[in-house]
Amino acid sequence: MSRTADAGPPLSESIEPPAANDGPVVRFEAVSLGYGGGPEILKDMSFELEPGSFHFLTGASGAGKTSLLRLIHMVLRPTKGAITLFGRDTRSLQRAELPLLRRRIGMVFHDRRLLDHLDAFDNAALPLRLAGARLGDYQADVAELLAWVGLGERMNSTPPQLSGGEQQRLAIARAVVGRPDLLIADEPTGDVDHEMAIRILRLFVELNRLGTTVLIATHDEDMVARSGRPVMHIEAGMLKRFSSRGAVA
Amino acid sequence: MSRPPVNRRPPAPLLPAEDARDGALVFVVAVLCFIACLALVSALAADRTAHGWRTELRGSATVVVRPGPNETPDAAAARAADALAGVKGVSEVEALEKEKAEALLAPWLGKDLPDDLAIPRLVAVDLDPKAPASAAAMEQALKGAGVDATVDDHSLWLKDILRAGLLAQTAAIGVAALIVAAAAAVIAFATRAGLQARGDLVGVLHLAGAEDGYIAALFQLRFGRMAAIAGLIGAGAAAAVAAIVRLLGGEAGLMPVLPVAWSDLLPLVACPLAAGAVAALAARVTALSLLKEMT
């Protein structure tokens, strides 16, 4: 029997569960970040994200949410402090180790970063393709995931042919398709309607239920309140509130 | 749980299929391959010519005979021919008559030579090409027969021809090396431009977990294939030009010094492969180097 759009998100059938970790998935120790010798955007930040945890990251525009996510994704390097990912100190990472670590992270970029010359299906399947999976092994999963985020009829369309909201959902599908150990999302529901926002949140919750650690940066107070999940709040570059199994140092 | 069948076409290439710069790049590399192939054909023809000259000179010697006070030049030449005929490595000996000797000197001294001019008598010696007699052996035989003569085994000319042949080969290798370097530089430049133009794509691939080698391979494949096509075009054009030269000029070609043979065109088959390999290597090295600078 095929899935219907009202069924749960298609995450549990085909992809291997995340590898178990003994320690926290993410650990920040007195991390600071400044750009080009300028003032620090993030200051002396310490926290841990335990495996299987689910957090929202909130704060005003410019508070440093995106910078924090980029630090976790190893796009930026901290100017001070240490970041540990999956038990690996990123300061001692060799360049060749970066791809393998990044494959364990699903990232929803605020600017989506879709590839315009690939259609929606190929965009969504990109992480699986880079990990060496064969089309025959993943085509049904990808098609089902795209249908679940409402792009079942648009999988042959390229990003320029999609609306902003469709592009956002495609970026989310790409981030979750490999069932990553860690999902970080930057304003994932910014361009979608209320109903789709709830649907996407369900997707994240289901992913989290299957073991993925989730961190979502958002301005959507309604979504935060509805989920009842712990919140990390950044104010003036500092972590002001951390309600979870971890704690602000 | 069964799911609806999905029949997707194979994944699209991660690098966009077309680029406005591709046509110009194919043209430049094809021209370089054309020049390289013509240089190769010329080098092969020059080498064959030099080889023919060497064989001819090594296979013969000339003996200049000076008659003694009490003998005629003809008698002295005949004695020299007898003495040389018994030398190992000599296959044929001919004492040239006075008229033939004068004919040989005609380009320098003219046709009507005075009767009292002492014309050296020559003996033409054909040598065994497998084991030619040495000049020393022939001189010793002449001396033993009491003939005053000088043996010219053409070694002086052979050295010049060997030097000229070596020079031609070195020049051809130099031209080929320059062209390979130029092609590699063009491909490296194109790769760098391609990577920078596709910075967004490279960034997404990196962030999605692509290794440097994987991204470099995309550019390696793209430029390797493109250069192979350009090599095919360049080699084809060069082969056409060489074939026209061969057809118009016969075995001697249009230039007697560079007689093109059909076999000279065979090595051109390797041009597309060589161009593809050089381009792929240049693209990979450049891409890996540039990717290290990118996040």
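# A walk through chains A and B

Visitor: Is L15(B) buried or partly exposed?
Guide: Bear in mind that this is a predicted model: local features need pLDDT of at least 70, side-chain atom pairs count only at pLDDT 80 or more, and totals for chains, interfaces and linings use all residues. Residues are numbered from 1 along each chain as its sequence is written, while chains are lettered from A and ligands numbered from 1 in the order in which they are written. A residue is buried if 20 or more other C-beta atoms (placed from the backbone) lie within 10 Å of its own, exposed if 12 or fewer, and partly exposed in between. L15(B) has 18 such atoms within 10 Å, so it is partly exposed.

Visitor: Which residues is L15(B) in contact with, leaving aside neighbours within four places in sequence?
Guide: Two residues are in contact if their C-beta atoms, placed from the backbone, lie within 7 Å. With those sequence neighbours set aside, the contacts of L15(B) are L218(B) and R222(B).

Visitor: And how far apart in space are L15(B) and G249(B)?
Guide: In sequence, 234 residues separate L15(B) from G249(B). In space, going C-alpha to C-alpha, the distance is 48 Å.

Visitor: How are α5(B) and α7(B) set relative to each other?
Guide: Axes are lines fitted to C-alpha atoms, for helices over the stretch in contact, and angles run from 0 to 180 degrees between N-to-C directions. The axes of α5 (155-197) and α7 (212-249) of chain B come within 11 Å and cross at roughly 135°. Angles under 35 degrees count as roughly parallel, over 145 as roughly antiparallel, 65 to 115 as roughly perpendicular and the rest as oblique. That is why α5(B) and α7(B) are oblique.

Visitor: Which residues of α7(B) meet α5(B)?
Guide: From α5(B) come I187(B), A190(B), T191(B), G194(B) and L195(B). Their partners in α7(B) are F219(B), F223(B) and A227(B).

Visitor: What about chain A: how are α6(A) and α7(A) set relative to each other?
Guide: The axes of α6 (164-176) and α7 (194-209) of chain A come within 12 Å and cross at roughly 5°. That makes the two helices roughly parallel.

Visitor: How many nonpolar residues does the contact of α6(A) with α7(A) have?
Guide: G165(A), R169(A), I172(A) and V176(A) in α6(A) meet M196(A), I200(A), L203(A) and L207(A) in α7(A). Ala, Val, Leu, Ile, Met, Phe, Trp, Tyr, Cys and Pro count as nonpolar, Asp, Glu, Lys and Arg as charged, and the others, Gly among them, as polar. By class, the contact has one polar residue, one charged residue, and nonpolar residues numbering six.

Visitor: Which helix gives the largest share of the side of chain B that touches chain A?
Guide: The contact takes 26 residues from chain A and 21 residues from chain B. The largest share of chain B's side is four residues, and they come from helix α6 (199-207) of chain B.

Visitor: How many residues of β7(A) are buried?
Guide: On one side of β7(A) sit L182(A), I184(A) and D186(A), and on the other L183(A) and A185(A), with both faces covered. The strand (182-186) is largely enclosed by the rest of the structure, because the count of buried residues is five of the five.
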